[in-house]
Amino acid sequence: MEKVDFIWIDGQLLEWDNATTHILTHTLHYGAGVFEGIRCYNTTKGPAIFRLKEHVDRLFNSASLLKIKIPFTKEQIIDAVKETIKANNLNACYIRPIVYYGYGVMGLNPKGAPVNVAIAVWPWGTYLGEEGLEKGIKVKISSYKRIPGALNQAKICGNYYNSILAKLEALENGYDEALMFDTNNFVAEGSGENIFIIKNNKIITPKLTSVLKGITRDSILNIAKDLGYETQEKDITKQELLNADEAFFTGTAAEVTPIRQIDNKIIGLGKRGPITEKLQTKFFDIVKGNDEKYFNWLEFL
């Protein structure tokens, strides 16, 4: 991690090394916190945050599902994100807002613990590697399942333990990333990404039954429709997955990353497919400010 100067905590900019928390912070023990992952890109018109409003909306929705009342308005969080980027003199960065129960009480009842909010930013390149963006990555079908239930639409800190285990399992077996199935044995998502497959020019992604409603996922569905492709949200079987013509992951960190191999099965031609490349190219044109049609997705600083 590349250290920068400041982290925003509860309305103040603190020096990076002073942005600490108590060991008895409630969320550290019980996982009851929510977070977001957002990117700021260096565009042709200066730094711009990709779909900031939608990310902040989801942060508040996640908090509401966990019965956490954020002590700031959405507008204040949006302003704080911009302030933190400017204070660190960054043109491009990853943005991590987190809302958590702080120090004050122990036990499962968080009543009496303060609700703290922090926003960290730092330079972070391609999550799954620059080579992966061009050539695709190797993915392992995980032995761990995607957590079912209504709260899978919230980015809750404690929900990610099985993603951690899935990621470690994939890396230990020589793969770049994991792919989890849901408890009904349909394709769900990666350890931190949504997945798409392409078959006969149709772009398919799992329906939202057991996957996060990803903002990059939503962006790609809209881009694909604008490019004239048919899209579908449906349950995807293992057979459909392995027989796909192309496959790729999406996410704030992963952006649009092609999948060239799943377990021992080569997907399509074993490299980034032509439709994936078109979607990827359009996505990067948009986030870098090269397509005025999508300027409403960019929050310029």
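Residues are numbered from 1 along each chain as its sequence is written, and side-chain values use heavy atoms, with hydrogens and water left out. In this predicted model, local features need pLDDT of at least 70 and side-chain atom pairs count only at pLDDT 80 or more, whereas totals for chains, interfaces and linings use all residues.

Helix α2 spans residues 52-65. Helices here are DSSP runs of H or I with at least four residues, strands are runs of E with at least two, and both are numbered from the N terminus. Helix α2 has 14 residues and reaches 20 Å from its first C-alpha to its last. That is close to the 20 Å expected at 1.5 Å a residue. The expected span is 1.5 Å times one less than the number of residues. Several α2 residues are buried, including Leu-52, Val-56, Leu-59, Phe-60 and Ala-63. Buried means under 20% relative accessible area, exposed means over 50%, and partly exposed lies in between (1.4 Å probe, protein chains only). His-55, Asp-57, Arg-58 and Ser-62 are also among the buried residues of α2. An α-helix has 3.6 residues a turn, so residues three or four places apart point the same way. Just after α2, Lys-67 takes a positive phi of about 60°.

Arg-51 lies in the loop between β5 and α2. Its phi is near 50°, a positive value in a residue other than glycine. Arg-51 is buried, with a relative accessible area of 8%. Asn-200 also has a positive phi, near 55°. Asn-200 sits in the loop between β11 (194-199) and β12 (202-205). At a relative accessible area of 64%, Asn-200 is exposed.

The structure holds 18 salt bridges. A salt bridge is a side-chain nitrogen of Lys or Arg within 4 Å of a carboxyl oxygen of Asp or Glu. One of them joins Asp-218 to Arg-51, with the closest N and O atoms 2.8 Å apart. This pair links distant parts of the chain. Asp-218 is in helix α6 (residues 215-226), Arg-51 is in the loop between β5 (46-50) and α2, and the two are 167 residues apart. Asp-218 is partly exposed, with a relative accessible area of 26%.

Lys-82 forms a salt bridge with Glu-299, and here the closest N and O atoms are 2.7 Å apart. Lys-82 lies in helix α3 (residues 74-87) and Glu-299 in strand β17 (residues 298-300), so the pair ties together parts that are 217 residues apart in sequence. Lys-82 is buried, at 17% relative accessible area. Glu-299 is partly exposed, at 28%. Glu-240 and Lys-234 also meet through their side chains in a salt bridge (2.9 Å, N to O). Glu-240 is partly exposed, with a relative accessible area of 32%. Salt bridges that share partners join Arg-51, Glu-54 and Asp-218 into one network.

The structure holds 12 aromatic pairs. The rings of Phe-295 and Phe-300 have centres 5.7 Å apart and planes at 75°, so the pair is edge-to-face. Rings of Phe, Tyr and Trp (its six-membered ring) pair if their centres lie within 6.5 Å; planes under 30 degrees apart count as stacked, over 60 as edge-to-face and the rest as tilted. Phe-300 is partly exposed, at 27% relative accessibility. Phe-50, Phe-283, Phe-284, Tyr-294 and Trp-297 form one aromatic cluster. Elsewhere, Lys-138 lies over the face of Tyr-175, at 5.4 Å from the ring centre. A charge sits over a ring if NZ of Lys or CZ of Arg is within 6 Å of the ring centre and within 35 degrees of the ring normal.

A nonpolar patch on the surface is formed by Ile-23, Leu-24, Leu-28, Tyr-30, Tyr-103, Met-106 and Leu-108. Together these residues have about 750 Å² of accessible area. Such areas come from the Shrake-Rupley method with a 1.4 Å probe; for residues, only the protein chains shown count as cover. Patches are made of residues with over 30% relative accessible area and no salt bridge; like charges are joined within 9 Å, nonpolar side chains (Val, Leu, Ile, Met, Phe, Trp, Tyr) within 5 Å. Ile-23 is found in the loop between β2 (12-15) and α1 (26-30). Ile-23 is exposed, with a relative accessible area of 60%.

Ile-9, in contrast, is buried, with a relative accessible area of 14%. Ile-9 has its place in strand β1 (residues 6-9).
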